[in-house]
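Please work through each task before reading its solution.

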Amino acid sequence: MTTHAPRAAHTVMLPGSLDEAVAALTAMPAAVPVAGGTDLMAAVNSGLLRPAGLVGLGRISEIRGWQYQDGHALLGAGLTHARMGRPDFAALIPALAAAARAAGPPQIRNAGTLGGNIVSAAPTGDTLPALAALDAVLVVVGPKGIEGGTTSREVPVGHLLAGVEMLRPGELVGFVRVPLLHAPQAFLKATNRTGPGRATATVAVVLDPARRQVRCAVGAVAPMPLRPLDAEAWVASLIDWDGNRGLDPEACRAFGEYAAAACIPDPVRPDDGSEPVTLPPAALHLRRTVATLARRALGRALA
Ligand SMILES: Cc1cc2nc3c(=O)[nH]c(=O)nc-3n(C[C@H](O)[C@H](O)[C@H](O)COP(=O)(O)OP(=O)(O)OC[C@H]3O[C@@H](n4cnc5c(N)ncnc54)[C@H](O)[C@@H]3O)c2cc1C
């Protein structure tokens, strides 16, 4: 009889603290951490991954909530999408809460975690543009060396997503540090179906009145979220930060198009005098989608 059942991992460890989890990963370098398992078990079930061991993070209560720290929220990597979608969290970090609410059907939101979404780093990861617009920083916990114990280091989320910095053996994402901006934020997602689905494009817009900044990140159109920095700076210069922060609808529309063209640019013009190449229809459609999302997200943040 043939079976498609995946070969079970030989060892499953269920540590009760981050320190124990790091020790378990250090003792067994071939083991992989698993949080909600929504991405990892899909890879195991499809035969893409055969982990020799699993280190389950579900019993580590210190990473399932959040705490306040110097004007920031220190979010545990084990926060589920369902928890982040609740009103108390939405009052703190509206863009991240909206992204978490958009992440898959309820079963996935109940199990899937912030840390898993970040480490999977799928282009369609819904929390990623929100974290990029928020300039979030990861607190990575790892082994201290021959003395034993754990040490931590900080990695900007964009560095991990761009592959500038990687997780080293034995390291885990413990927490995500997000500034509390006390200002409107928006996250919008487009899918090609009704109901929950993977994103074709996402846009997060965050206002930072203290720095007089508008920060925007576009997800799903590239391997990692993109920041249209020139469009951000341009629109921030138009906003009356000391007044009602209103903006002409035409300026919101121009911002959407500016941001979309930065993320999905025109092909480079040939320098041999031949006909310029135009964007294929699918890319033009995607650019229009991003422009609409960016316009609406900015409009909502400024409303
Ligand atoms: C049907 C379905 C629909 C989905 N829809 C969406 C969607 O709409 N939007 C979306 O964004 N995602 C979606 N997902 C993907 C998935 O649910 C999310 O990426 C989720 O956040 C992953 O979290 P997890 O806890 O399940 O991660 P896991 O599957 O447990 O782990 C994923 C990866 O992260 C690593 N990892 C987990 N936690 C840590 C940590 N703390 N430190 C270091 N490494 C860690 C694991 O080793 C593994 O490599 C969907 C998945 C499914 C199966």
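**Exercise 1.** Determine which residues of α1 are buried and how they are arranged about the helix axis.

*Solution.* Step one: in α1, the buried residues are Leu 18, Ala 21, Val 22, Ala 24 and Leu 25. A residue is buried if 20 or more other C-beta atoms, placed from the backbone, lie within 10 Å of its own. Step two: viewed down the axis of α1, the buried residues fall within an arc of 160° (taken from the directions from the axis to the C-beta atoms), so they line one face of the helix. Step three: their cover includes β1 (11-13), β2 (31-34), β3 (53-56), β6 (137-143), β7 (150-156) and β8 (172-179). Helices (H or I, at least four residues) and strands (E, at least two) are DSSP runs, numbered from the N terminus.

The model is predicted: local features need pLDDT of at least 70, side-chain atom pairs count only at pLDDT 80 or more, and totals for chains, interfaces and linings use all residues. Residue numbers start from 1 along each chain as its sequence is written.

**Exercise 2.** Describe the contact between domain 1 and domain 2.

*Solution.* Step one: 14 residues of domain 1 contact 19 residues of domain 2, where contact requires C-beta atoms, placed from the backbone, within 7 Å. Step two: helix α1 (residues 18-27) gives the largest share of the domain 1 side, 6 residues.

**Exercise 3.** State which helix supplies the largest share of the shell around the ligand.

*Solution.* Helix α7 supplies the largest share, 5 residues.

Technical notes:
Contact = placed C-beta atoms within 7 Å. Buried ≥ 20, exposed ≤ 12 C-beta atoms within 10 Å, placed from the backbone.
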